Structure formats: C-alpha cells, structure tokens
Amino acid sequence: MFLGTVLENISMGDTNINPEKIMYLASQLGMQDLLQDFPQGFDSIIDPTGKKLSESTTKKLLILRALSSSKPLIVLSEPWSGLNDMYKQNIIKYILSLTQSTVVVVTADQDYLNLCTHAITLSGGQVSSFKTN
C-alpha cells in the first residue's frame, strides 16, 4: 500500500480500472462490503505510515489490485491466506474462471493444487515434480 486513495491503490494508475469495475470484481469475490472500512469510499486516503489497515483489508485491496486489470500473467502468493473460507472459495472460483490470463499461484494448499490444470513442486530450489490434470 502507498499514500493515496483507495482507488489509486487498487488501480495503480490504470485508467481502465474504475469504481464500477472494482465493485463488480469485489461482488464476484464476496468483498462488496470492503468500502465499509473507508468513510470516504474510493476517495479515502490510505496512509501506510498512519492508521494501520487490518491484515484482511490489506489482503482484499491487494487481491482487487491484482485481479482488476487484464494482464496476460498474474502471479499470486497465498492469496487467500488470512481470509475466511468464503473468500478463499470465491477467489479460487474466480481465478479458475480466467481464460485470458495465465495465473501462477504459489501455495501449499493441496485442495487448490488438486483443482489446477498444472502444478509444479519445488524442493531445494529445483523442480521435483510436474503434474498435469
């Protein structure tokens, strides 16, 4: 997070990302209540050196940032860590529905790995297995 509005922190300057697009994605992920944490909504200022955001609010903002634009490659590390099971299931469902992006998820979550089309296991910095479903 950086000093700026909620919208700026999610959009990272991408003018194709607007509040409507973010709220649509938030509803897909079950995060439509996120703005309740911010009195001025998308115009609320996030000050990383001031008021601390909760871990779950920060995680939700970062997930919305990662998934709100159309990128050919999305890399996520334990994206549902610290969130409840409903958010986890919604994030997984959304990630698996993406067809225009390659999504790489770094995780030890075996349930998620079982749903993936490809899984690479690393051990000691080396590929120890490669699985295709």
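## Overall layout

From the N terminus on, the elements of the chain run β-α-α-β-α-β-α-β-α-β-β. That makes five helices and six strands, where helices (H or I, at least four residues) and strands (E, at least two) are DSSP runs numbered from the N terminus. This is a predicted model, in which local features need pLDDT of at least 70 and side-chain atom pairs count only at pLDDT 80 or more, while totals for chains, interfaces and linings use all residues. Residues are numbered from 1 along each chain as its sequence is written, and side-chain values use heavy atoms, with hydrogens and water left out.

The C-alpha trace spans about 50 × 30 × 25 Å along its principal axes. The accessible surface of the chain is about 8,000 Å², and 54% of it belongs to carbon and sulfur atoms; accessible areas come from the Shrake-Rupley method with a 1.4 Å probe, and for residues only the protein chains shown count as cover. Of the 133 residues, 36% count as buried. Here buried means under 20% relative accessible area, exposed means over 50%, and partly exposed lies in between (1.4 Å probe, protein chains only). Among contacts (heavy atoms within 4.5 Å) with a separation of 6 or more, 56% come from residues 24 or more positions apart.

## Strands 3 and 4

Let's start with a parallel pair: strand 3 and strand 4 are joined over five bridges, and two strands count as paired if DSSP finds at least two bridges between them. One link in this pairing is L76, whose bridge partner in strand 4 is V105.

Which residues form the nonpolar patch on the surface? They are L73, V75, V104 and V106, with about 340 Å² of accessible area together. Strand 3 (73-77) and strand 4 (102-106) are the elements that give two or more residues to this patch. Patches are made of residues with over 30% relative accessible area and no salt bridge, with like charges joined within 9 Å and nonpolar side chains (Val, Leu, Ile, Met, Phe, Trp, Tyr) within 5 Å. L73, found in strand 3, counts as partly exposed because its relative accessibility is 48%.

## The hairpin of strands 5 and 6

Strand 5 (residues 118-123) and strand 6 (residues 126-132) pair in the antiparallel sense over six bridges. L122 has V127 in strand 6 as its bridge partner. The two strands form a hairpin with two residues between them, and in the turn G124 has a positive phi of about 60°.

## A salt bridge between D109 and K88

The chain has one salt bridge, by the rule that a side-chain nitrogen of Lys or Arg lies within 4 Å of a carboxyl oxygen of Asp or Glu. The side chains of D109 and K88 meet in it (2.6 Å, N to O). This pair links distant parts of the chain, 21 residues apart: D109 is in the loop between strand 4 and helix 5, and K88 is in helix 4 (residues 85-97). Side chains of opposite charge can pair when their charged atoms come close.

Are the two partners buried or exposed? D109 counts as buried because its relative accessibility is 13%, and K88 is buried, with a relative accessible area of 15%. Leaving aside neighbours within four places in sequence, D109 is in contact with W80 and K88.

## Two loop residues

S69 sits in the loop between helix 3 (55-67) and strand 3. At 12% relative accessibility, S69 counts as buried. Its side chain makes a polar contact with the side chain of K71 (2.6 Å). A polar contact is a pair of N or O atoms within 3.5 Å; within protein, one must be able to donate a hydrogen and the other to accept it, and residues adjacent in sequence count only if both atoms are side-chain atoms. Leaving aside neighbours within four places in sequence, S69 is in contact with D14, I17 and K21.

Q32 lies in the loop between helix 2 (19-28) and strand 2 (45-46). Q32 is partly exposed, with a relative accessible area of 45%. Not counting residues up to four places away in sequence, Q32 touches M23, A26 and S27. The C-alpha atoms of Q32 and I22, 10 residues apart along the chain, are separated by 9.2 Å.
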